[in-house]
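These are my notebook entries on a single structure.

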Amino acid sequence: GFAIGTAAASLAGQYLGAGNLRMARRSVLMCTAIAMIFMALIGVAFVCLGRPLTQVISADPGHLDLVPKLLLICGVTQVFFAVSMVVRQALRGVGDTTWTFIITTVSSYGIRLPAAWILGVTLGWGLPGIWMGLCGEIAIRATLFFIRFQHGGWSRRVV
């Protein structure tokens, strides 16, 4: 996801700098789709193979009980994580750094931390609750980045 995000940033910046908005937009969408496919496959592996993957690292009963639950939560979020990584990097690549900073900061401190605390500590769901909060915030962040991309404010940047 990060590598494809770097590619999206380079392509979008080059196309926008060349005045080809259509190709800048298309390159970001194609990179996002590629990342979503690859990370969805990894997510399926996390969801379906949680216990065997855990057994590669540990035979501890506590790990074998907890880690597959965490991999399930993480696996479901992989597509959103792909969107978040690629679109964020693409927005940075075209110079839309103010909005990437605002979205990242607001979602991290305004959503991620409170959600992790509420689900993990206040509701007593422990580590799985914390991971639900963290991964849920990734889905919200991905949505916010995609909305910013669709808004098109980035397309008026001079690169």
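Before reading any accessibility, I noted the cut-offs: a residue is buried under 20% relative accessible area, exposed over 50%, and partly exposed in between. I also noted that the model is predicted.

Entry 1, ring pairs. I found three aromatic pairs. In one of them, phenylalanine 2 and phenylalanine 81 have ring centres 6.3 Å apart and planes at 85 degrees, so I recorded the pair as edge-to-face. This pair links distant parts of the chain, since phenylalanine 2 is in helix α1 and phenylalanine 81 is in helix α4, 79 residues apart. Phenylalanine 81 has a relative accessible area of 28% and is therefore partly exposed.

I then turned to phenylalanine 149 and tryptophan 154, whose ring centres lie 5.1 Å apart with planes at 5 degrees, so this pair is stacked. Phenylalanine 149 is buried at 1% relative accessibility, and tryptophan 154 is buried with a relative accessible area of 1%. Together with Phe146, these two residues form one aromatic cluster.

Helix α2 covers residues 21-48 and spans 40 Å from its first C-alpha to its last, close to the expected 40 Å. Its buried residues include Met23, Val28, Cys31 and Met39. I recorded that the buried residues of α2 pack against α1, α4 and α6.

Entry 3, surface patch. Trp117, Ile118, Val121, Leu123, Trp125 and Met132 form a nonpolar surface patch with about 610 Å² of accessible area together. Helix α5 gives the most to this patch, with three residues. Valine 121 lies in helix α5 and, at 44% relative accessibility, counts as partly exposed.

Key:
Residues numbered from 1 in each chain as written. Predicted model: local features only at pLDDT ≥ 70, side-chain atom pairs only at ≥ 80, totals over all residues. Heavy atoms only, no water. Patch = residues over 30% accessible without salt bridge, like charges linked within 9 Å, V, L, I, M, F, W, Y side chains within 5 Å. Areas by Shrake-Rupley, 256 points an atom, 1.4 Å probe, with all protein chains shown as cover. Salt bridge = Lys/Arg side-chain N within 4 Å of Asp/Glu carboxyl O. Helix = DSSP H or I, 4+ residues; strand = E, 2+ residues; numbered from the N terminus. Buried < 20%, exposed > 50% of the residue type's maximum accessible area, 1.4 Å probe, protein only. Expected span 1.5 Å × (residues − 1). Contact = heavy atoms within 4.5 Å. Phe/Tyr/Trp six-rings, centres within 6.5 Å; stacked < 30°, edge-to-face > 60°.
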